[in-house]
Amino acid sequence: MQHRSLGPDAPLVSAIGLGGMPLSITGRPNEGTAMEVVHASLDAGVTLIDTADVYCLDDRDIGHNERLIGDAVARWRGDRASLVIATKGGLTRPGGRWERDGRPRHLRSACEASLRALGVQRIDLYQLHAPDPKVPFMESIGALATLQQDGKIRWIGLSNVSVEQIRQAQAEITVVTVQNRLNPFFREALEEGVVDYCGRQGIGFLAYSPVGGGRLNKKLPDHAALQGLAARVAATPHELVLAWVLAQGETVIAIPGARSVDHALSATRAADVTLDADALCVIDQAEFSRD
């Protein structure tokens, strides 16, 4: 497993992390299987797990994934000190919907609930899940800065943000990570310069939905361009796409989710897949239809 810097004044972490979301939303596996997925990932060398308070079914289930991850890490026989557990605040799940709440009061209460759910005294990496258009962005950033000053979080990250918002936040805090979507179907993080800016600033770019998400990733095995490359590189189409994501920048870290041990282990193997310039060009130029 290759490692990359998480961000400014932060340690190296595995280039492939584990996204916890599929273990707690609709279609989630049973708790035993979920534990096996987490432990298989950790045993394979994953040292970064990304979760969120809203990875759950609805507002009655808030913190499900954090509790699952906290329990799985507590039961793991490896070195907890080597792990970075990242979570997020700033969304809510009323009736199962996804809504934003970036008010400082909400972020503080969400952070304190996340501390309890994870069973820790301090959160390694706490991320603003998304800017709230109803709340001045810098008010949300100020709330994160206060939580850090209070010792409740170690590092601060942002998610679903633009380059301009990153710059604004940097005026008040050290932005360690940025978590935005990146996959061959959705390349806005490349086109809008977020990946490039993070690379120049040494900010870890956490690529979520790196194989396209629940519906689109099912299209990858039948993709003609990927099928041809897979035979040449001896990797699965999903592994090829993860390797392509990692190749987009030196600070890019992919955080795919998994509902089975096989998928979790396949993701970790992608960190060792090397794509030459020709292979990258094939994926760059291929059409990845969202239909």
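This is a predicted model: local features need pLDDT of at least 70, side-chain atom pairs count only at pLDDT 80 or more; totals for chains, interfaces and linings use all residues.

Residues are numbered from 1 along each chain as its sequence is written, and side-chain values use heavy atoms, with hydrogens and water left out.

**Stop 1: the sheet**

Switch to a cartoon view and look for the open sheet of 8 strands, in the order β3-β4-β5-β8-β9-β10-β11-β12, with parallel pairing. Strands here are DSSP runs (E, at least two residues), helices are runs of H or I of at least four, and both are numbered from the N terminus. Two strands pair if DSSP finds at least two bridges between them. Select 18-19 and 252-254 next: these are the edge strands β3 and β12, and each pairs on one side only.

**Stop 2: strand β5**

Now pick residues 84-89. Is this strand buried or exposed? In β5, 6 of the 6 residues are buried, so the strand is largely enclosed by the rest of the structure. (Buried means under 20% relative accessible area, exposed over 50%, and partly exposed in between, using a 1.4 Å probe and protein chains only.) Show the side chains: V84, A86 and K88 point one way, while I85, T87 and G89 point the other.

**Stop 3**

Select 175-181 and 204-208. These are β10 and β11, running parallel and joined by 5 bridges. V178 has F205 in β11 as its bridge partner. Contact means heavy atoms within 4.5 Å. Axes are lines fitted to C-alpha atoms, for helices over the stretch in contact, and angles run from 0 to 180 degrees between N-to-C directions.

**Stop 4: α9 and α10**

Color 224-233 and 237-246. Helices α9 and α10 pack at about 90°, with their axes 9 Å apart. That makes them roughly perpendicular (65 to 115 degrees; under 35 is roughly parallel, over 145 roughly antiparallel, and the rest oblique). Show L226, L229, A230 and V233 in α9, which meet P237, L240 and V241 in α10. Helix α10 also lies across β11 and β12, at about 155° to β12.

**Stop 5: α1 and α11**

Next, select 31-43 and 261-269. The axes of α1 and α11 come within 9 Å and cross at roughly 20°, so these two helices are roughly parallel to each other. Zoom in on E36, V37, A40 and S41 in α1, which meet V261, A264 and L265 in α11.

**Stop 6**

V245 lies in α10 and counts as buried, at 0% relative accessibility. Leaving out residues up to four places away in sequence, V245 touches L182, N183, A207, P210, V252 and A254.

Last, find H223 in the loop between α8 (213-216) and α9. H223 is buried too, with a relative accessible area of 14%. Which residues is H223 in contact with, leaving aside neighbours within four places in sequence? They are A286, E287 and F288.
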